[in-house]
Amino acid sequence: MNDLWSAIFDFSDYGELIALLRNSIFAGAVLGIAGGLIGVFVMQRDMAFAVHGISELSFAGASAGLLLGLGVVQGAIVGSLVAAALIGLLGSRARDRNSIIAVLMPFGLGIGILCLALFPGRSANKFGLLTGQIVAVDDPRLNSLLIICAIVVVGLAVVWRPLVFASLDADVAIARGVPARWLSLVFMMLLGLTIAVSVQIVGALLVLSILVTPAAAALRLTASPVWVPVLSVVFATVSLVGGILLALGASVPISPYVTTISFLIYLVARVISWQRHRTRRGRITSTTEVVTA
Amino acid sequence: MTVLRLSGAGLAYGSRHLWSGLDLAVDAGEFVAVLGANGSGKTSLLKVILGQQQLSSGSAELLGERIHGGDRRIGYIPQQKMAEPGTPLRGRDLVGLGVDGHRLGPGWPSRARRRKVDALLESVGASGFASRPIGTLSGGEQQRLRVGQSLAGDPRLLLCDEPLISLDLRHQREVSELIDRQRRERDLGVLFVTHDVNPILGMVDRVLYLANGAFRIGTPDEVLRSEVLSELYQSPIDVIRSRGRIVVVGVPDSSHHHDDHDHADHAGHPHTAGTGGLGTHPTGGAA
């Protein structure tokens, strides 16, 4: 029992470890910003399933990149962008989109597993792409992550307003001349980039925990167009950085920590919104009683 | 002053002619209702005016210029459809999208923008519920916001696509009176697509009735008559007037459900397509 516990939580030599994993923590914080922001639109456009589908193809790309020696980062980006473009171009309607994703996803996973099986290297690294791993993010990797996250955040800032318009009020947006198709493609590309970097940190199977759960929790708490993105970014960053800090000394991958924190935040948000709802309804009932009395 | 002019306009999808030879001029301050059974091309007419659909023949002009997409001088109220609960927009955000939602950039909150949104909310009587998420608002409240949103660009022409479709009678009257007041105050041309003319009967100047690829234009008294509609549908139609309401009986059933895709997402909000044309509209659900 004690062994199990120390495998999950081990804070000995914590100070030295933090210094070692500074890059990872920094990467987590930056990814939290990009992921939290793009998650707002994933929710608005109802594309949680697409996120999952793209991350499987990103995994396939990363595995192929590993096998062919082209680089995991490059492979993940190519896989992500191809998947995002396919889903964006072929699946403008929700029903089409879901079936296209469902067709692409197992194919991507299969390719990825094939590439990993053929790869002669150590097996611990391999499954990191699926389930995440705690690795020291080296400087070139950190740089690529910073650049990609910067592209995502700046890109989102530029298209923010028309993208909200097209996502939430499509008919009127199109009547107003908002180029909804273009915006959709731009969004898919930015989403693909975000997923490609997320896969390297939390693993392909768990990308939803930073691209969907934080935004979903934020939406439980507020409908304000300012507070939803702010809270979503805070939740995603807390999940990632908190997960990395907890995982530091442990011998298990980082992802269970990240997913658990992000899930707990969502639970708390649900409880708060449920409480609020109840008090509001309680208030209405009591006023009606006064009126009828 | 003429706001909208269609000259010899025709629209066909392949071999199917929706209408042709349509001449229609809408003046500033004029309220024109577009009536007709489902599938008669009412919504397509709006798409032409919004620049989303090319005419097969003839021309369409807004304020003397050829129509192009995304013209800010057109205000658009889409088919009434309830916002889903949990939609991350408050009332004032919906109106705000009409103000500057088409512009690039994140749209930082500013005092000027706030003032503009407040003024629009005030003018449509929506200030009281502007901070609530739209998914929690009633159909009538949502349509008030829609009217406010459509006025954000200071339009000259207002296009309304079934704005009353799932509202109960009281809200139908409130929303149509709101649109009527705005067109008088702002001297707007209004093109109002509806399957039930009764809620707006006292406001419309003219009626455009589309059926069977043909049409009639005139005042309600000129168009909504048994002999006119019988000729248009080429089958016997009775127009019955009762207590200031108009009921059309005998519209052929064949063309129904043609554009049901236009009416998708109305689960739980029944409307009376089954009565055809201008049938009486039963009082909807509770407010």
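Student: If two strands pair when DSSP finds at least two bridges between them, which way do strand 11 and strand 12 of chain B run?
Tutor: Strand 11 (residues 238-242) and strand 12 (residues 245-249) of chain B run antiparallel, joined by five bridges. Strands (E, at least two residues) and helices (H or I, at least four) are DSSP runs, numbered from the N terminus.

Student: What am I looking at, and how is it numbered?
Tutor: This is a predicted model, in which local features need pLDDT of at least 70 and side-chain atom pairs count only at pLDDT 80 or more, while totals for chains, interfaces and linings use all residues. Residues are numbered from 1 along each chain as its sequence is written, and chains are lettered from A and ligands numbered from 1 in the order in which they are written.

Student: Back to that pair. What sits in the turn?
Tutor: The two strands form a hairpin with two residues between them, and Arg243(B) in the turn has a positive phi of about 50 degrees. Ser242(B) stands opposite Arg245(B) in strand 12 of chain B.

Student: What is the strand order in the open sheet of chain B?
Tutor: The order is 6-7-8-3-9-10, six strands with mixed pairing. Strand 6 (74-77) and strand 10 (214-218) are the edges, each pairing on one side only.

Student: How do strand 3 and strand 9 of chain B run, parallel or antiparallel?
Tutor: Parallel, with five bridges between strand 3 (residues 31-36) and strand 9 (residues 206-211) of chain B. Gly36(B) stands opposite Leu210(B) there.

Student: Which strands does helix 4 of chain B touch?
Tutor: Helix 4 (residues 139-150) packs on the sheet, touching strand 6 and strand 7 of chain B, and its direction makes about 165 degrees with that of strand 6. Axes are lines fitted to C-alpha atoms, for helices over the stretch in contact, and angles run from 0 to 180 degrees between N-to-C directions. Contact here means C-beta atoms, placed from the backbone, within 7 Å.

Student: New topic. How many residues does each chain put into the A-B contact?
Tutor: Chain A gives 25 residues and chain B gives 25. On the side of chain A, helix 8 (139-168) and helix 9 (170-175) each give two or more residues, and helix 8 gives the most, with nine.

Student: Where does UniProt put the transmembrane regions of chain A?
Tutor: The unreviewed UniProt entry lists several, including 20-43 and 99-121; positions use the numbering here, feature names are shortened, and annotations may be inferred rather than shown by experiment. In the model, residues 20-43 of chain A are 96% helix and 0% strand, with end C-alpha atoms 36 Å apart. Residues 99-121 of chain A are 87% helix and 0% strand, with the ends 35 Å apart.

Notes. Contact = placed C-beta atoms within 7 Å. Pairing = 2+ DSSP bridges.
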